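Biologist: Could you take me through the contacts in this model? I'd like to start inside one chain and then move on to the partner chain.

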Amino acid sequence: MITYHKTTLENGLKVLIHQDSTSPIAAVNVLYDVGARDENEERTGFAHLFEHLMFGGSSNIPDFDTHVETAGGSNNAFTSNDITNYYITLPKENLETALWLESDRMLSLAFTPKSLEVQRQVVIEEFKQNYLNQPYGDAYLLLRDLAFKVHPYKWATIGKEIEHIEKATMEEVKSFFFRHYAPNNAILCVSGDIKIEDTLAMVEKWFGSIPKRSVPNRALPQEPTQTEERSLHVERDVPVDMIYKVFHICDRRDETFFTVDILSDILSRGRSSRFHEILMRQKQIFTEIDAYVGGDLDPGLFYVIGKLSHGKTMEEGDAAIWEVLDELKKEHVQERELKKLKNKFEASHLYQQAGILDKAMELCYAELLGNANLVNEDLAKYQQITALEVHQMANTIFTKENSSTLFYHAKQQD
Amino acid sequence: MERTIAPHKHAIKAPNYIPVSTVSFKNGSHLFCQEGGSQELVSLTIRLNAGSKLQDKFLTAALCNDLLLSGTKNHKADEISEKIDFLGAYINSDYNQDFTTVQLFCMRKYFAELIPYLYEIIFEPLFPESEFKRMVQKKKQNFLVNNEKVHQKSRAVFFNTLFGDENCYGALLKEEHFEEVSLEEVKQFHNSYYHASNMELFMAGKFGDEEIQLVEQFFGSEKKDIEFGEFNNTILYPKAKIIHQHKANALQSSIRLGYGNFDAKHPDYLNMKIVSTILGGYFGSRLMKNIREDKGYTYGIGSFQVSLLGTGYFGISTEVGSQVTNNALDEIYKELNLMKTVLIDADELNLVKNYMLGNILNSADGIFNQAELFKNLRSHNLDLDHIHQLADRVRNIQPEEILAISNKYLDRSLMHEIVIGAIN
């Protein structure tokens with residue numbers, strides 16, 4: 001159980017405070033409700049590029065990192081298709097330094113040309129390092145493009161192509177900031193061995209005077225229902241064949257989301273899961289195979305990703321995956337298997353909520369979903385799932401016409 | 001409101017570690033206990049002296065470790081996996097040159113039910129042939145995939161260059177080694193080194209006397225004299241070499257500089273920890289400021305001083321755009337030279353001190369972080385005093401000392417230079 005205090009400032013900033021007397025460290029997490037899905041299709045990768053620029057100096061403070069480090073802290077951020085999330089951890093005595101820094105960059109950035117030029121280069125190197133200069137690095141870029149035809153989930157947070165990042169202008173950067181970076185588009189969580197009254201006073205002091213901004217309503221094109229099976233074959237200079245298969249599923253806020261989630265757990269959570277036991281250990285068709293759900297805020301994807309054993313063909317691999325999925329469509333899951341997954345979910349829930357920063361991030365994300373208390377309610381939802389619901393969900397999702405498959409072939413050696 | 005004036009920054013306190021108590025068993029093994037935390041979770045780590053330095057053939061120690069969960073005398077593999085999963089527990093195993101570790105992580109209420117399984121997994125595995133073959137293939141695939149990554153490749157070449165083929169830290173794994181390893185050797189290895197009197201145990205989280213007694217019951221009585229085979233641990237520290245390997249079509253080059261030096265007990269180890277942090281040990285370090293934040297050549301660059309058993313190394317590592325490889329190398333050498341020639345100014349030193357003290361404090365956040373820290377120290381025959389010594393050194397080090405240490409240990413002539421990528 002995570003307890004918290006919640007309030008909303010006059011400018012619309014949502015504030016969550018969580019007390020944990022066991023840690024010498026305090027965490028400050030700021031979630032902005034903006035991600036790669038909010039980008040213009042001609043300027044993809046922008047939300048992520050912007051995340052880098054947020055460290056390039058704010059209106060009153062030229063050097064963000066120096067202050068965090070001098071206060072004995074560290075900081076970082078990440079961007080997804082849905083959100084951009086910033087965090088600082090530091091000794092609790094220096095909490096105010098973190099609030100001062102985060103509030104100033106919410107107020108406004110320095111927008112120096114040098115920062116834009118350098119971060120543009122850094123992001124291009126990140127693009128190369130993680131997507132282009134890695135075996136299988138482009139797989140997710142290809143997969144998104146195959147599964148989504150209309151919705152902005154068709155591109156990854158790093159962007160569709162390097163050119164988009166190269167072309168970004170300072171005008172676009174500024175306009176992006178004032179459209180999306182606003183107190184009324186953010187959620188702040190402070191956690192640690194802190195007093196609620198004192199913390200609230202500090203938050204009010206530094207964030208209270210930031211003006212509310214007009215944030216455009218999100219009107220994203222929704223993905224039409226897929227009606228035909230899709231597949232793509234590519235050949236690359238990689239050592240092993242891989243299969244990437246995805247199915248369209250509901251969004252994270254949907255009531256049935258955890259039923260989808262448990263399906264992925266049945267398939268690949270733990271060594272006793274079906275993929276691990278049947279496809280890796282018994283039949284030895286894959287050396288590794290995994291299933292998971294993205295958990296996106298708009299309807300997203302269910303992923304099945306497998307690395308084929310030496311000598312097995314793509315056809316054998318694909319058929320073996322379908323055999324396991326079809327079994328779920330035919331037979332109800334046994335009570336013991338369901339109970340096992342519920343126990344595992346409960347335990348991992350406990351493990352995950354150990355750290356001071358983890359809790360701050362989870363609270364912010366739950367608040368974005370609609371209610372911070374979901375961090376405490378999700379467990380019960382998962383516990384209530386029945387074998388019948390799992391069976392029905394498997395029949396809804398695992399159909400050929402709802403699937404897109406990327407066959408990633410290893411180039412034949414001469 | 002004055003936003004340009006920073007709030008007052010307070011001095012950073014020393015961490016409050018939960019004390020470690022030691023229980024000694026009849027067979028001579030020790031159990032180190034760290035009791036605390038707010039949740040009903042417990043972890044038990046078993047660390048055997050069964051690292052790869054003891055193996056005759058490549059991959060033997062690794063496969064022995066990988067195959068622990070493939071079934072025992074009393075339970076089939078799937079029964080064990082199902083049991084662990086059903087109770088929401090995790091059993092993870094890992095190995096390196098020096099040790100094999102197996103860790104149980106579970107809710108306290110299931111500890112008694114799980115510990116017999118932990119015992120069986122470690123001492124009574126069956127090593128079925130089919131699982132052996134499967135695991136060899138899986139490892140080989142991972143090896144081949146990693147071999148395509150410039151940073152993985154340069155990492156392997158780096159250690160091989162620093163410590164040499166004959167040394168366990170330098171031995172270079174090759175594709176043919178996957179054909180040479182045998183199940184017989186794996187079984188033999190297990191038989192030689194997996195014994196209750198050849199281990200240390202670590203328990204952390206929520207537990208009491210009952211759990212300690214259970215651990216003793218399973219792991220505290222069996223005794224056997226272990227004959228350690230011969231292993232070569234001499235290091236020649238070869239003269240600095242320049243190795244550039246071409247990889248066609250690489251968009252980035254992986255650069256690694258460094259050399260083998262000393263372990264954590266060396267009188268200059270703590271000083272080098274501080275020096276390597278200034279140079280490239282944190283986000284605002286000199287290498288990051290110059291090569292990422294000023295030039296944009298890379299997504300990240302770092303430097304580190306690491307302790308191994310009986311030796312250690314200094315290193316710098318980065319991946320840069322292919323066309324700026326030489327520029328990046330020039331800038332790295334420029335930064336090394338600045339460390340040697342210019343006294344660090346007070347602001348920068350103050351920043352690094354605070355950053356490092358904050359980092360030390362962070363290591364005390366939560367019982368399981370503290371447990372990891374202690375286990376790591378213990379593997380070098382150190383204890384929490386080492387961290388207090390580091391904190392003292394950080395508080396007291398002077399600019400002149402940093403200059404002197406840099407002159408002694410950051411000279412270009414000491415550094416091996418490894419570049420893997422598209423070389424012009």
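Modeller: In this predicted model, the C-alpha centres of domain 1 of chain B and domain 2 of chain B lie 30 Å apart, with the domain bounds coming from an automatic or database domain assignment.

Biologist: Where are those two domains in chain B?

Modeller: Domain 1 covers 21–219 and domain 2 covers 242–421. Residues are numbered from 1 along each chain as its sequence is written, chains are lettered from A in the order in which they are written, and side-chain values use heavy atoms, with hydrogens and water left out. Local features need pLDDT of at least 70 and side-chain atom pairs count only at pLDDT 80 or more, while totals for chains, interfaces and linings use all residues.

Biologist: How much area do the two domains bury between them?

Modeller: About 2,600 Å², of which 71% is on carbon and sulfur atoms; buried area here is the accessible area (1.4 Å probe) that two parts lose on being put together, summed over both. On the domain 1 side, Gln34(B), Val150(B) and Phe158(B) lose the most area to domain 2, together 23% of what that side buries.

Biologist: And how many salt bridges cross that interface?

Modeller: The rule, a side-chain nitrogen of Lys or Arg within 4 Å of a carboxyl oxygen of Asp or Glu, finds two between domain 1 and domain 2 of chain B. Elsewhere in the list of pairs, the side chains of Glu200(B) and Arg378(B) form a salt bridge at 2.6 Å, N to O.

Biologist: Switching to the partner chain, how many residues does each chain put into the contact?

Modeller: Chain B gives 69 residues and chain A gives 74, where contact means heavy atoms within 4.5 Å. Together, chain B and chain A bury about 6,500 Å², with 55% of it on carbon and sulfur atoms.

Biologist: What about salt bridges between the chains?

Modeller: There are five between chain B and chain A, and the side chains of Asp294(B) and Lys114(A) meet in a salt bridge at 2.6 Å, N to O.

Biologist: Which helix of chain B gives the most to the side that touches chain A?

Modeller: Helix 4 of chain B, with nine residues; helices (H or I, at least four residues) are DSSP runs, numbered from the N terminus.

Technical notes:
Helices (H or I, at least four residues) and strands (E, at least two) are DSSP runs, numbered from the N terminus.
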